[in-house]
Amino acid sequence: VHEGILRRQSLRESSARTYARSLPIVPVRARGLTIEGADGRRYLDCLSGAGTLALGHNHPVVLEAIKKVIDSGAPLHVLDLATPVKDAFITELYATLPEEFARDARIQFCGPAGTDAVEAAIKLVRTATGRSGLLAFTGAYHGMTAGALDASGGAAEVRVTRLPFPRSYRCPFGVGGERGAELGARWTESLLDDPKSGVAAPAAMMLEPVQGEGGVIPAPDSWMRRMREITAARSIPLIADEVQTGVGRTGAFWAVEHSGIVPDVMVLSKAIGGSLPLAVIVYRSGLDAWQPGAHAGTFRGNQLAMAAGAATLAFVRENRLAERARTLGARMLAGLRALARAHPCVGDVRGRGLMIGVELVAPDAATGDTAPPAPELAAAVRQECLNRGLIIELGGRHSAVVRLLPPLTLTDEQAVAVLDRFADAMAAAER
Ligand code: PMP
């Protein structure tokens, strides 16, 4: 069964397919951290649907919420009409948002995917400001549709000015930390204040508080505050893409809370749908210059996703899973840093909460920040992890960063099992 399914799908699916290529498994059952394949093998899933599964697979509260909608006889498809399910979702979402933001926020359902919400955000700020350009950052990932892709570094449909995203490791200014972040901020200011730069009046700045696909790079809080100051002083809307960082993942319910900034637009997807497709933007009401019907679409009222999402948001909030992600994440980072001391091929271990990255390098060629990335070794580590029943993915420009995104419900014992398997895989890949 297992081999047949893999063979048939690899013949018919496009050559663009991604995860199915790097993870040749056929999931048939899953619960929590564990996936079971058609071949009977069990895996610990630290990819979590690219950061979607805050509560792991098929959490009982999620299944219960979905069953409740089905059993109630409520319609599954209602376009974007008002329903009790939608009402409960909006109420629960607003209860989690930073208070100052929630007080004056409008919501637009965009669904089904994160990239749709990014498109909506870009369209919203362009309508509201009458301007078109966008400020985005090196290494950003916002999605795969045209506008979102541009913001992630494609050819310019939307004219995008790319600014340096602050990073300690491989800092573009060669100084790293807060100092590198401050240089990036000053560079941003000088561009915006120079009428000849051509970027003086963009429609918005869009950023990820922690870059995910870009290689798990957390922005310093001080830099986040600087970006807020810089944009506020020039009436440039600030869009926080929390598609991956949201719902407790980084150790705060929303990653903007770490720095205390209030963005103008938040782009939300992945975990907010509790495993099912759901995407929204939430934004300052002052930006709501849209005419009725300006943003429509058939699949914006996914009742099952809203029910699963509301149950997930409530569970994370009530069980303080963001705090849990913070403490467990810190412990996992410490464990990985201890492991790194025994492996010169680990160039950097970084992350926030349960959004963790391990950058692999070729240490023989150079040291420190200048060691070249090691994508082949990273691919070998991914395969060795899979051989040991551990699912991880790679990220970063060179695909040399191992990304660990376990569910927030990870137990202490499971965290130890993940680190043990990862350590074994590292040792095997290096041989
Ligand atoms: N923004 C960020 C920060 C993301 O991580 C992703 C997906 N990895 C997206 C947007 C796009 O979401 P989707 O894949 O659902 O279109």
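The shell around the ligand divides into 5 nonpolar, 7 polar and 3 charged residues (nonpolar: Ala, Val, Leu, Ile, Met, Phe, Trp, Tyr, Cys and Pro; charged: Asp, Glu, Lys and Arg; polar: the others, Gly among them). Of the 15 residues around the ligand, Ala 113, Gly 114, Thr 115, Val 243 and Gln 244 come nearest (a residue is near if its C-beta atom, placed from the backbone, lies within 6 Å). Helix 7 (residues 114–129) gives the largest share of the shell, 3 residues.

This is a predicted model: local features need pLDDT of at least 70, side-chain atom pairs count only at pLDDT 80 or more, and totals for chains, interfaces and linings use all residues. Residues are numbered from 1 along each chain as its sequence is written.

Strand 17 (residues 401–404) is covered on both faces: Val 401 and Arg 403 on one side, Val 402 and Leu 404 on the other, are all buried (20 or more other C-beta atoms within 10 Å of the residue's own, all placed from the backbone). Its pairings (at least two DSSP bridges between two strands) are tabulated here. Strands are DSSP runs of E, at least two residues, and helices runs of H or I, at least four, numbered from the N terminus.

| Partner of strand 17 | Sense | Bridges |
|---|---|---|
| Strand 14 (residues 355–360) | antiparallel | 4 bridges |
| Strand 16 (residues 393–395) | antiparallel | 3 bridges |

Val 401 is the bridge partner of Glu 359 and also of Gly 395. The hairpin of strands 16 and 17 has 5 residues between the strands, and Gly 396 there takes a positive phi near 90°.

Methods:
Buried ≥ 20, exposed ≤ 12 C-beta atoms within 10 Å, placed from the backbone.
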